[in-house]
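Visitor: I would like to go through this structure chain by chain and contact by contact. Please show it to me before we start.

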Amino acid sequence: MEAKKLNLTLKIWRQKNSNSAGSFIDYKVQVSPDASFLEMLDELNNSLELKGEEAVHFESDCREGICGTCGLVINGRPHGPLAKIATCQLHMRNFKDGDTLWVEPFRAKAFSVIKDLMVDRSGFDKILQAGGYISVNTGGVPDANAIPIPKEISSLAMDAAACIGCGACVAACKNASAMLFVSAKVSQYALLPQGQPERYQRVEKMVKVMDELGFGSCTNTYACEAECPKGISVTNIARLNRDFIMAKIKNKEVEV
Amino acid sequence: MSSFTKFLNSSIGKKLMMAVTGSFLLIFLIIHLIGNITLFFGAEAFNGYVGALDVVKPLIRVVEVVLLAAFVLHIFNGLKLWIENKRARGVNYKVNGSPENSALYSRTMFLSGSIIFIFLVSHLGTFFWRFNVYDPMGLANIHQYFDIVVYFFGIWWYVILYVIAMVLLGFHLNHGFQSAFQTFGWNHKKYFPLIQKIGAIYAVFMAIGFASMPIYFFFFYGGNQ
Amino acid sequence: MTKLDSKIPAGHISEKWTNHKFNMKLVNPANKRKYTIIVVGTGLAGASAAASLGELGYNVLNFTFHDSARRAHSISAQGGINASKNYQNDGDSTYRLFYDTVKGGDFRAREANVHRLAEVSSNIIDQCVAQGVPFAREYGGLLDNRSFGGAQVSRTFYARGQTGQQLLLGAISALNRQVDKGTVKLYLRREMLDVVIIDGAAKGIIVRNLLTGEIEKYSAHAVVLATGGYSNVFFLSTNAMNCNATAIWRAHKRGAYFANPCFTQIHPTCLPLHGESQSKLTLMSESLRNDGRVWVSTKKGDMRNPGDIPEDERDYYLERKYPSFGNLAPRDISSRAAKEVCDEGRGVKGGDAVYLDFKDAINRLGQHVIEERYGNLFEIYETITGENPYKSPMMIYPAPHYTMGGLWVDYNLMSNVPGLFVLGEANFSDHGANRLGASALMQGLADGYFVIPYTMGNYLAGDKPTLVKTDHPEFEKVAKEVKDLTNKLLSIKGKRTVDDLHKQLGRIMWDNVGMGRTEEGLKKTIEQVRQVKEEFWKNVTIPGSGDDVNQTLERAGRLVDYFELGELMALDALDRNESCGGHFRTEYQFEDGEAKRDDEKYSYVSAWEFAGENKWNLHKETLEFEYVKPAIRSYK
């Protein structure tokens, strides 16, 4: 029942660590079209390990497209050629026998390469830690149904909250801007009644840290939306802009 | 640093600066085009129009200063953004996949902007300078502005340059128009496609409008040179 | 021999937790910051515990091997979270959730723990909504519910098919807030490799910095393990690639008892295998069984396409066997039923898969309703299999998914090692022999938000604020042992890869300690597992060094523990001469194939004490059922 295997040439970015220079190394692989892209790399790694060579380092965890750990740039496209999936959901049946695939890490000054295809995305967490939360302590909160929220609003908030923090938006953006990521979190809370009290302080704090980390500025090419595995909309970026401008008008002396 | 300069130096502040100055220039272009349409109605109409502007000279000077400021801020800020954004990428990708995820004109704002800038310099050098400051042919002194236009639009390479610049201006405006709305935060799923359409119509209109003048003059007055 | 003291408070079941909360000792607010607590893991249990303890003012150190706290595997939970809010007015109550969970666990859970879980379930929903978790809502703006397996009321709250993600991001936001405030310090890319026990109490941990390879020592007044389950012992499971049992297993080897290791859950709705290179199995949320109908052909080896099999030649076996619960029969029962029909040769084209069909639901409700409810799940299915489930039925098969077993804990969630607390899937306490759908999220958050903040204070109030220094000889000794293990692994330089050996172990476990277990098979398993383990230590190859990022080394370290754990699972299954929940011993079944529990002999928790290589001592905690009287668990 096994379908015919594909013969592929992989050109994979190998880099010992963040201080050393990297280069592309060629690998020939044979893979079942039913396998996933990462399973192909697993097989390649097993063959390398048998030869005593170090495995190609790449990150992945859930392999269901929700944890946001994986992320490769395949032939210039973050998460590969298909829309709305993470790298782990990419299956080899989407490629043709004889294809050459260039596999690169996510590139951004704010995402330094750790090893091979692994990058450091801790900047995202720093932005969230600056204010990506609603300040409530455990306990002492009102009943869940105390504040009705219109279905459309809750649904829009959910659309924004679906972000998996993979970093494909930064990888896709020609400016390596993190606006889509930041706007998704800002929007989720800006839409919900629970997020209102800190709405404008939050956006100021998060944008400040985003800027400090060396992400680029958004120039509205919308490549981020096209490559986002969860299809997060750039309307969130518009909301972020709006809230940021409002924050600057409203907030008098906010220590950020 | 005051909170206002801090704001302008933030990533969103810089975007906003581009959008505000850009929007001002969008409006300027409409007025500029409307005025220049008089070119199609012959020497008298055009010279009359330029002459009429002379009457409100002080006002025009004020507008010119604002316009200059808008251009300078738009260009300077755009250059700054371009440099910073290049730096934010660090190492470039071996394979560029951007044609699959974004529009060409949105990715080439710096290039189209740079060429428009070069055009702008030559445009000011030819028309603005000669109309307002010094015209070696002496035509401006006798209010024969129309003849200056005829002269330049009779030079084939100048016309070609002009037309290319206007095509790129169209590209630039097409992205710039909707981009300004996005930056101001006016992006709504329902209305944004309409804004994008209006932006595209505006851009095409401006590009054709401004490009039609050198072409028209080259073919209808070109023989005079 | 230590006697297991579950420390269940006295009183009526509905008052135990309330009384206990009052009776527990408190730590003075000004003194809290003098106490350091280590929390390992940043999933629902770990993140909620770290955040809540940080909010109280303790000095919290939170560890994860991930690059970000948000990656923890709780994020993959799809379907929902149970709470006895009774928003639907369909007769739900704390007592009913308690009852359903005890019954669903096949009468092998501790009543007092389960009741507490049901009590705090409502608070969890309130907490999450306050954090900005966008649960599904109805048009009136109030929260929506759906039904889940093993319950006849609608009590499951959900956020599309991404409930785990939203709950985790909520908990992580609370955690991030504490990181911002400085009460919690996050240690990312650190894998816990051992626990340090001084004078009989847990006083710290040893971790490997996964970026530098450095072995680091951290000292604390108490250690909380919230490191998840061990389904990856099967190699193929729905768990994430990096889920592992190392933290709890190393704690077990230092003295913590391992309870009910053989209670593993095989989830009925996963995607079938595609081939040898398969790295993991993908779960399709159980919520699909709300509208999907499970069937196979009535004929053996039927090679027809599903559309060509007429209605009267289809066997809707769950509806046939369990008319009152139908397709919503609990997980263990549904999984076993699928295995049965496939073993009979009636699976999809004679293979290991059954159909999950939405045709009737689409005809009844329209495709848009199905899309609204399960759109993203259908997309996932199509991405993976390349087939459109709106047109042809899904193919599903059971896969290891959750482990009810884990480190033994008392009512305070503390293991038999003082100061070592265990939360979430890593402990054994609430689900008995089978977990009901949408209960894992509930338990993780209950433990982290609403139990540990109280019981931790009670423990620390009796501890001195002075912190053990990390140059204490015991720290040095344990750190050296960890380094030696790493060096030993790297020095083998054999001929087989870590994955290859893990797959071999996984096959043995799946065949014999999976859905159907026999005395003979289990005895054989113990032998086979030891052989693979021996082969591993002789012949594994781990290229690269220990002073650098080395993912092969990380996997090898985890596999070392799976060998030992695999053996203990078989040993536990062998000891339990009955069938209950996820543990099905083929010898113990009724004529109709239903599980035959033996309450007289096996109404206990098996708590295994590590006693040297391949040796364990069994301790038994007898389970008393005062409120829910054990009965044959019927879903007919």
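Visitor: Which chains share the most contacts?
Guide: The model is predicted, and totals for interfaces use all residues. Chains B and C are joined by no contact, and their closest C-alpha atoms lie 20 Å apart. Two pairs of chains are in contact, and the pair that shares the most contacts is chains A and C.

Visitor: How many residues does chain C bring to the contact with chain A?
Guide: Contact here is counted between C-beta atoms within 7 Å. On that count chain A brings 68 residues, and the number from chain C is 64 residues.

Visitor: Which element supplies the largest share of the side of chain A that touches chain C?
Guide: At least two residues each come from helix H1 (37–50), strand S6 (113–115), helix H2 (122–129), helix H3 (151–161) and helix H5 (179–191) of chain A. By class, this side of chain A holds 28 nonpolar, 22 polar and 18 charged residues. The largest share is seven residues, and it comes from H1(A).

Visitor: Which element of chain A gives the most to the side that touches chain B?
Guide: In this contact 39 residues of chain A meet 36 residues of chain B. Strand S5 (100–104), helix H6 (199–212), helix H7 (223–227) and helix H8 (235–250) of chain A give two or more residues each. The residues of chain A on this side divide into 18 nonpolar, 11 polar and 10 charged. With nine residues, the element that gives the most is H8(A).

Visitor: How many residues of domain 2 of chain A are in contact with domain 1 of chain A?
Guide: Chain A is split into domain 1 (6–115) and domain 2 (121–250). Their centres, taken over C-alpha atoms, are 29 Å apart. Domain 1 of chain A puts 19 residues into the contact, which by class are 11 nonpolar, four polar and four charged. From domain 2 of chain A the number in contact is 18 residues.

Visitor: What share of the residues of chain B count as buried?
Guide: Chain B has nine helices and zero strands. Along the principal axes its C-alpha atoms fill a box of roughly 55 × 40 × 35 Å. Of the contacts in chain B with a separation of 6 or more, 80% are between residues 24 or more positions apart. Chain B has 225 residues, and the buried share is 31%.

Visitor: Why is chain C described as being as compact as a globular protein of its length?
Guide: Chain C has 17 helices and 19 strands. The globule rule gives 26 Å for its 636 residues, and chain C is as compact as a globular protein of that length because its radius of gyration is close to that value, at 24 Å.

Visitor: What part of chain C is buried?
Guide: The C-alpha trace of chain C spans about 75 × 60 × 45 Å along its principal axes. Residues 24 or more positions apart make 75% of the contacts in chain C with a separation of 6 or more. Of the 636 residues in chain C, the buried part is 62%.

Visitor: What is the bridge partner of Ile205(C) in S8(C)?
Guide: Strand S7 (residues 201–209) of chain C runs antiparallel to S8(C), and five bridges join the two. In S8(C), the partner of Ile205(C) is Tyr218(C).

Visitor: Which residue in the hairpin of S7(C) and S8(C) takes a positive phi?
Guide: The hairpin has five residues between the strands. The phi in question is near 80°, and the residue is Gly213(C).

Conventions
Residues numbered from 1 in each chain as written. Chains lettered and ligands numbered in written order. Predicted model: local features only at pLDDT ≥ 70, side-chain atom pairs only at ≥ 80, totals over all residues. Helix = DSSP H or I, 4+ residues; strand = E, 2+ residues; numbered from the N terminus. Nonpolar A, V, L, I, M, F, W, Y, C, P; charged D, E, K, R; others polar. Domains from an automatic or database assignment. Rg over C-alpha atoms; globule rule 2.2 N^0.38 Å. Buried ≥ 20, exposed ≤ 12 C-beta atoms within 10 Å, placed from the backbone. Pairing = 2+ DSSP bridges.
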